[in-house]
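We'll go stop by stop.

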Amino acid sequence: MSQSPAALRVGVVMPGRESVVERGDYPRHLGQLAQQVEQSGYDSIWAGESPLARSRMNPLLALTAAATTTERVELGTAVLLPLRPPVHLAHELACLDRMSGGRLITGIGSGFNSPAAEAEFQAYGIPFTERVGRMRETLEICQALWHAQGDPVSYEGRYHSLQDVALLPVTEQPAGPPVWIAHGGEKMLERTGRQYDGWMPTSTTAGGYAKGWLRVQEAREASGRPEDDVTAAVYLSVAVDDSFEKAEDTLQAYFRAYYRLDLPTMRTTQGIFGGTAEQVAEWLSGYIDAGARHLVLRLPTADLHEPRYRAALERTAQELLPLLRGLA
């Protein structure tokens, strides 16, 4: 199957947990930090969500700050959880899409299967076992409201129903912000190929990513959609350092502070790598060869403080970005 000819895009995840681990000025720096990302040559800025299980800044508020200080970069959620009522979410995203001039991407997933995640959903009054079905209905409602461009919409599902609901403001992008799915399950791969706009898993290996992306493309082709209707993205954690050993130390410290889990455990669920810029580029090339055209990079640091992140942001831009631009 042919690989998409689209140019490679590289984005970074803005830190969110800094507002939790330090009571400093970091939240007021989000707009300026977004400017630094754009000026450093990245293509997109991402923010994730976990209000309770791994508490951090609200991603939509963080991206609102980024929208007001940037002009070029895309802005994406990596990822939202199905915690909000669908109409509320559709309205928030429509407003942010307008504020950003149509630069928004909606990345969404159902969260990790863990006691902390289950408690998080319970606190929002959502049964954990219903989260995938609720996510699906939420997306159907959001897309219906966006496509209607202000006309009334009715919907009847298992969890939600609407009767003649008209949403304003309309989105900047005529069909609404693209929806990228973070799931790797067979049913969701097929659904992504049929009806969503992108796939953004945390694949642990390039080989696993290749298999999933092939399934998405098969479903897209079977539904008669053009090749460029679905973006191949991937969310990965990379640490650029002087050596593989130093990078491994950074990764161990980061994931212990972030998740309270060891690095081997984290590598069973997420793609994680560290080393020199050349080593990281070689590792990422496996995903690019497998079809990935939008790399969403989280930049682990030795602690969860803002200065470390800014240093990682600049070093990655200076050393890794030029190598990645030459790969695709």
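Predicted model: local features only at pLDDT ≥ 70, side-chain atom pairs only at ≥ 80, totals over all residues.

Residues are numbered from 1 along each chain as its sequence is written, and side-chain values use heavy atoms, with hydrogens and water left out.

**Stop 1: the largest pocket**

Select V79, F112, T202, Y235 and Q270, which lie nearest the centre of the largest pocket, out of 49 lining residues. The space in there is about 900 Å³. A pocket here is an open set of points on a 1 Å grid over the protein atoms alone, where protein lies on both sides within 12 Å along at least five of seven lines; a cavity is a set where a 1.4 Å probe fits but cannot get out, and lining residues have an atom within 4 Å of a point. Grid points are joined across faces, edges and corners, and a volume is the space filled by probe spheres set on the points.

Now colour α5 (115-123), α8 (206-222) and α9 (244-259), each of which supplies at least two lining residues. Helices (H or I, at least four residues) and strands (E, at least two) are DSSP runs, numbered from the N terminus. The lining splits into 27 nonpolar, 15 polar and seven charged residues. In that count Ala, Val, Leu, Ile, Met, Phe, Trp, Tyr, Cys and Pro are nonpolar, Asp, Glu, Lys and Arg are charged, and the others, Gly among them, are polar.

While V79 is selected, look at its link to A78: that peptide bond is cis, with omega about -5°.

**Stop 2**

Next, pick Y209, one of the residues with the most contacts inside the largest nonpolar core, which has 73 residues. Such a core is a set of buried Ala, Val, Leu, Ile, Met, Phe, Trp, Tyr and Cys residues joined through side-chain atoms within 4.5 Å. Buried means under 20% relative accessible area, exposed over 50%, and partly exposed in between (1.4 Å probe, protein chains only).

Jump to A292, in the loop between α11 (277-289) and β11 (294-298). A292 is buried, at 0% relative accessibility. Beyond four places in sequence, A292 is in contact (heavy atoms within 4.5 Å) with L8, Y209, A232, V234 and Y287.

**Stop 3: the cysteines**

How many disulfides does a search of the whole structure find? The search finds zero, taking a disulfide as a pair of cysteine sulfur atoms within 2.5 Å. C142 is buried at 1%, whereas C95 is partly exposed at 24%.

**Stop 4**

Finally, show A94, L145, W146, Q149, G150, L167, P169, V170 and T171, which line the largest cavity. That cavity holds about 30 Å³.

The peptide bond from L168 to P169 is cis, with omega near 5°. Q149, in the loop between α6 (131-148) and β5 (153-156), has a positive phi of about 50° without being a glycine.
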